[in-house]
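Subject: Structure handover

Hello,

Here is the structure I promised to pass on. Please look it over first, then read my notes below.

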Amino acid sequence: MTTQQPIYDQFIQLGLSILDKTDQASPEADSINQQIETINKGWDKLQHKLGERQTHLKDMANLSTKYYNALQALSERIPEASDRLASLPMNAAQPEVIAEQKDALKALKDEIKAKEKDLEEVKQLCKQMCEGVKESSAKFDLKNKLANVERPYEDLKKKLAEKEKSLDSAAMEGVKFQASMTDMLNWLNKAQDTISTGSPVSGDANTLLGQIREHEALQNELADRDPDLRLLLDKGQRMM
């Protein structure tokens, strides 16, 4: 537009020069005045539209820079977080190890939660850019690029929730296992104390019969406990 300014100025000056040499009351002067006014209005209108377009282009350029920079940052951060989640060790059985795993998971979860603000900002930028363009294909491309980041983010959040749930389940199983082990150890200690502190084998028939009954009761209880003991040992092996 600036390159056309000298031509415009020259044209106006030419019109004014002609007016100076023309009878102001003549139809020719009136026609020239109208033409100059029309050109002035057209020129001002064109400059205004160009100014609006330039402002719009600058705004869109700024939005575009922010949008694609934010998308790039998220597209790098999300796979990195997914890799860190996948690298977390299998659920342990020991309470202290589970606690460490939950701490590591919480740290990662907090980092991802903090990225929600960035994702919302990207959504708003995408919305603004879609409002600023007319082509359907351009809008589709903008939304598609957003979806390519949003989907992995939602998948990551789902995996984090599943991992957290599995750790909670492992922690609960660990508590149950420890309780069962404590109960079994208490029973074994009690049974051993019963045998150790039992009275010597008696020669009296009635006393001996009572001792035999007590011994058989202990053996029966041991037989009843045997499946539980084997299950505990098997579970302990699998949890190691």
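Y68 is partly exposed, at 33% relative accessibility. Here buried means under 20% relative accessible area, exposed means over 50%, and partly exposed lies in between (1.4 Å probe, protein chains only). Y67 counts as buried, at 0%.

Before going on, the ground rules. This is a predicted model, so local features need pLDDT of at least 70 and side-chain atom pairs count only at pLDDT 80 or more, while totals for chains, interfaces and linings use all residues. Residues are numbered from 1 along each chain as its sequence is written, and side-chain values use heavy atoms, with hydrogens and water left out.

The tyrosines

A search of the whole structure gives 1 aromatic pair. Rings of Phe, Tyr and Trp (its six-membered ring) pair if their centres lie within 6.5 Å; planes under 30 degrees apart are stacked, over 60 edge-to-face, and the rest tilted. The pair is Y67 and Y68. Their ring centres are 5.2 Å apart and their planes stand at 75°, so the pair is edge-to-face.

Contact means heavy atoms within 4.5 Å. Leaving aside neighbours within four places in sequence, Y67 is in contact with V122, L125, C126, M129, L142, K145 and L146.

The overall fold

The chain has 5 helices and 0 strands. Both are DSSP runs, numbered from the N terminus: helices are H or I with at least four residues, strands E with at least two. Of the 240 residues in the chain, 21% are buried. Take the contacts between residues at least 6 apart in sequence: 75% of them join residues at least 24 apart.

Helix 3 has 38 residues. From first C-alpha to last, helix 3 reaches 55 Å, close to the 56 Å expected at 1.5 Å a residue. That expected span is 1.5 Å times one less than the number of residues. Buried residues in helix 3 include I98, L105, L119 and M129.

The cores

A nonpolar core is a set of buried Ala, Val, Leu, Ile, Met, Phe, Trp, Tyr and Cys residues joined through side-chain atoms within 4.5 Å. The largest has 25 residues, and Y67, L142, L156 and L160 touch the most other members. Helix 2 (27–87), helix 3 (95–132) and helix 4 (136–196) each supply at least two residues of this core. Helix 3 gives the most, with 9 residues. Apart from this core lies another, of 6 residues, among them F177, M184, W187 and A191.

V149

V149 is found in helix 4. V149 counts as buried, at 6% relative accessibility. Not counting residues up to four places away in sequence, V149 touches L71, L74, S75, I78 and L119. V149 and I78 are 71 residues apart in sequence, yet 8.0 Å apart in space, C-alpha to C-alpha.

The cysteines

How many disulfides are there? A disulfide is a pair of cysteine sulfur atoms within 2.5 Å. By this rule the count is 0. C126 is buried, with a relative accessible area of 3%. C130 is buried as well, at 9%.

Best wishes
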